[in-house]
Every structure is written in C-alpha cells, then in structure tokens.
Amino acid sequence: MIFTIFDLDGTIVNSDHRKLTRLDGSLDLNHWRENCTREKIFADTLLPLADHWRAIQDIRDNFIIVCTARVMSGADYEFLESHGLRYEFMISREEGDTRGDAMLKFCKLYELANKLSLSWRGFASRCEMFDDNLEVIDMLSASGIMVNNATACNARESL
C-alpha cells in the first residue's frame, strides 16, 4: 500500500485570483472566504501536477490523499470531480480550526494513520507528498514523509 498525498492550492490548483496577501506576507483569510463562491472556485485552473494525479489514481494499491488547509465546500468537491481528480481520503480544515497549516496537516495525517491501524513510521514510510508550503515541507519531511516541493515540480512540468 502506497499513499500519494496532494495539497490543493499552489500544488494542484491555481487559485491565485482569489488570494490577497497582507504586507507581512500572510493570507487575508476574510478575503479568501469571501472569494470561495462556486463561480470563483470554478474559475480556478489546474497546475501540471494534476496530470500526475490523474496518471496514478488508478494504480492498484496506490491511495490518493488530499491534504489541504482549505475548509472544503461542496463546490470544491464538485471542482475536483469535474476535472476527473479522484481520491480515497480527504483531509481538510474544519471551520474554526486555527492551527497553522503544518501542524494541522501533521495532526490530521497522524489521525489517518491511526484509523488505518498503522504506526506513524509505517505510514510515513509509504507516503509521497506534494505541497508548496515550506513550513509543511519542513515539518512533514522531519517526521519521515518524503515531501516534494510542488512549486519546483510544477515549474519542471510546465517546461
């Protein structure tokens, strides 16, 4: 059993038209939430790694996990389905969860490993992850997951 983990924004989905960054570099969450309408979600585009996702989603014993810091809406699920992106497990932020992205993803993946009756080490050794957030990359790499920098992967794929 192999687990391929994909983040969404900046990894599979280009949602930059919905983002507003503050002067300190942080995301303006209020602006993001206001722009999470179905119309704007469906204006998002796919990044090159989406082709990799589709290429591996039917491989036997390869399970795709979406691991996003988004609060997922019905339109988000529809968007993935409309682009033929299938997954076995969805990990996302619950409304009101204010943990940083790295801690959120680590904790949610740890919970999934427990649900699958796998030790963290056994789970992490079977994972390959794609994420664009450097804090997520650092934390999950340090915890034993092989994490690829999605920004670099998408740049290579678009050449």
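Analyst: Happy to! One term before we start: helices (H or I, at least four residues) and strands (E, at least two) are DSSP runs, numbered from the N terminus. Also keep in mind that this is a predicted model.

User: Good. Where does Asp-61 sit, then?

Analyst: Asp-61 is in the loop between helix H3 (49–56) and strand E4 (62–67). Its relative accessible area is 44%, so Asp-61 is partly exposed.

User: What about the phi of Asp-61?

Analyst: The phi of Asp-61 is positive, about 65°, although the residue is not a glycine. For background, most residues other than glycine have a negative phi.

User: And what is phi like at Ser-117?

Analyst: Ser-117 has a positive phi too, near 60°, and this residue is likewise something other than glycine. You'll find Ser-117 in the loop between helix H5 (101–115) and helix H6 (120–124).

User: Is Ser-117 buried or exposed?

Analyst: Exposed: the relative accessibility of Ser-117 is 67%, and the cut-off for that class is over 50%.

User: Let's zoom out. How many helices and strands does the protein have?

Analyst: There are eight helices and seven strands. The radius of gyration is 15 Å, close to the 15 Å that the globule rule gives for 159 residues, so the protein is as compact as a globular protein of that length. The C-alpha trace spans about 40 × 30 × 30 Å along its principal axes.

User: What share of the residues is buried?

Analyst: Buried residues account for 42% of the 159. As for the accessible surface, it comes to about 8,600 Å², with 51% of that belonging to carbon and sulfur atoms.

User: How about contacts between residues at least 6 apart in sequence?

Analyst: Of those contacts, 63% join residues at least 24 apart.

User: And how many charged side chains are there, positive and negative?

Analyst: The protein has 18 positive and 26 negative side chains. The centres of the two sets lie 3 Å apart.

User: New topic: cysteines. How many disulfides turn up?

Analyst: Zero, in a search of the whole structure. Cys-153 is in no disulfide, and its nearest cysteine sulfur, that of Cys-127, is 16 Å away. Cys-153 is also buried, because its relative accessibility is 7%, under the 20% limit.

User: Which residues does Cys-36 contact, beyond four places in sequence?

Analyst: Arg-18 and Ile-41. Arg-18 is 18 residues away along the chain, and its C-alpha atom is 7.6 Å from that of Cys-36.

User: Last one: is Ser-92 buried or exposed?

Analyst: Ser-92 is buried, with a relative accessible area of 15%. The residue lies in the loop between strand E5 (89–91) and H5.

User: Which residues does Ser-92 touch there?

Analyst: Not counting residues up to four places away in sequence, Ser-92 touches Thr-68, Arg-70, Met-72 and Lys-108.

Terms used: Residues numbered from 1 in each chain as written. Predicted model: local features only at pLDDT ≥ 70, side-chain atom pairs only at ≥ 80, totals over all residues. Heavy atoms only, no water. Rg over C-alpha atoms; globule rule 2.2 N^0.38 Å. Buried < 20%, exposed > 50% of the residue type's maximum accessible area, 1.4 Å probe, protein only. Contact = heavy atoms within 4.5 Å. Areas by Shrake-Rupley, 256 points an atom, 1.4 Å probe, with all protein chains shown as cover. Lys, Arg positive; Asp, Glu negative; His and termini not counted. Charge placed at Lys NZ, Arg CZ, Asp CG, Glu CD. Disulfide = S-S within 2.5 Å.
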